[in-house]
Amino acid sequence: MGEPTLRDRIELYYATVPLAFADAEEFGPLRLFVRKGEGAPYYGGPNHAYPVPAGPAPVAPASAGPAPVAPVPAGPAPVAPASAGPVSVDPVPAGFASGGPVASGSASSGPVGTDITAADIARVRARQRQLGVAESFEWLAEVTPSLRALVEAAGLPVAERPLMVLDPHHPLPPQPLPEGVTIRILDADDPGLPAVLALPRLAFADVGTAVGPAGRAELAAVAEKLVADGTVETIRPTLLTGHKVLAAAFAPDGTPLAAGHYHPARGITEIGGIGTLPTARRQGLGAAVMAALATHAREHGVHTVFLAYAEAAVARIYARLGFRPAGTTLLIADQPARGQ
């Protein structure tokens, strides 16, 4: 058996990383990820559906989660070297990923899911309505090409998110930062955690790369809400176990200006949630956080680093960092954006 292709690795990551936060329910050729608890911290869901892998490709979490990761030194220096219930799944082979509720696509070297029917989609949507979650699906366009027409025929709008992968041999030096700004990896007890978790709410509410009005006052208000509603406490365990790695660029006064995260699984990860406080844009902060996260992932055993983007301007920034095109993920247009 040859080495898994890049598409295989990305597909297996999508099919397994939600399982760190969710149970899987099977609906014929579709798998629905159902989060295990309220507020389970998986970006973009995890209550979405995904096509079941064709053939023997297993979908399951690793027996042990990723080891906790050490903090990165601050500053611009280089980042330190049809069923109604859950089903049992087989272990993932070495070298693949582990991982909330979405409907998803399968992992195989060729087109799959060609036997998906409108009835299968209807059953999944009925279960999602029963759970009180968004009717969301996510899959790789190149792996399950037939699914888009069926989903659109069911009345759900489909959005495209092109993927890019980091060249494993491309050097990734730390990016320049404004004077006094530092980058660090957050641990579960970091005092900046509430504000860092609040930052994407403001960044993604004001799309684009232009400087916007939301700043420190708005950030503090959202952070206070996330503490009050329990969101911050929900995130802490995933940071402790290493299932989530969170990085941010901080102003000298401790205000986070840009942030992002990744979920490592069996040497594969997608970097997501890269957002900059609207008042702090156009300073290269998002690129600096991306580079720090990618470097940290590499130095903690990740060999495949990829991401999704929605804007050409952002793709150009990632291309300068060494990312190249790697296919397209499809998702329901109004479902939660990856990284939020």
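## Burial in the chain

A residue counts as buried when its relative accessible area is under 20%, and as exposed when that value is over 50%, with partly exposed in between. Arg125, at 17% relative accessibility, is therefore buried. The model described here is predicted.

Buried residues account for 55% of the 340 residues in the chain. The chain exposes about 13,800 Å², of which carbon and sulfur atoms supply 57%. Its secondary structure comprises eight helices and twelve strands.

## Arg125 and its partners

Eleven salt bridges are present in the structure. One of them joins Arg125 to Glu135, with 2.5 Å between the closest N and O atoms. Arg125 belongs to helix α2 (residues 118–131), whereas Glu135 lies in the loop between α2 and β5 (136–140), so the pair ties together parts that are ten residues apart in sequence.

## A link between distant loops

Arg281 and Asp206 form a salt bridge through their side chains, at 3.7 Å from N to O. This pair connects distant parts of the chain, 75 residues apart: Arg281 is in the loop between β10 (268–276) and α7 (285–299), and Asp206 is in the loop between α4 (193–205) and α5 (216–228). Arg281 has a relative accessible area of 8% and is buried, while Asp206, at 24%, counts as partly exposed.

Salt bridges with shared partners also unite Arg125, Arg129 and Glu135 in one network.

## The Arg184 and Asp190 pair

A further salt bridge brings together the side chains of Arg184 and Asp190, at 2.8 Å from N to O. Arg184 is partly exposed at 26% relative accessibility, whereas Asp190 is buried at 8%.

Technical notes
Residues numbered from 1 in each chain as written. Predicted model: local features only at pLDDT ≥ 70, side-chain atom pairs only at ≥ 80, totals over all residues. Heavy atoms only, no water. Helix = DSSP H or I, 4+ residues; strand = E, 2+ residues; numbered from the N terminus. Buried < 20%, exposed > 50% of the residue type's maximum accessible area, 1.4 Å probe, protein only. Areas by Shrake-Rupley, 256 points an atom, 1.4 Å probe, with all protein chains shown as cover. Salt bridge = Lys/Arg side-chain N within 4 Å of Asp/Glu carboxyl O.
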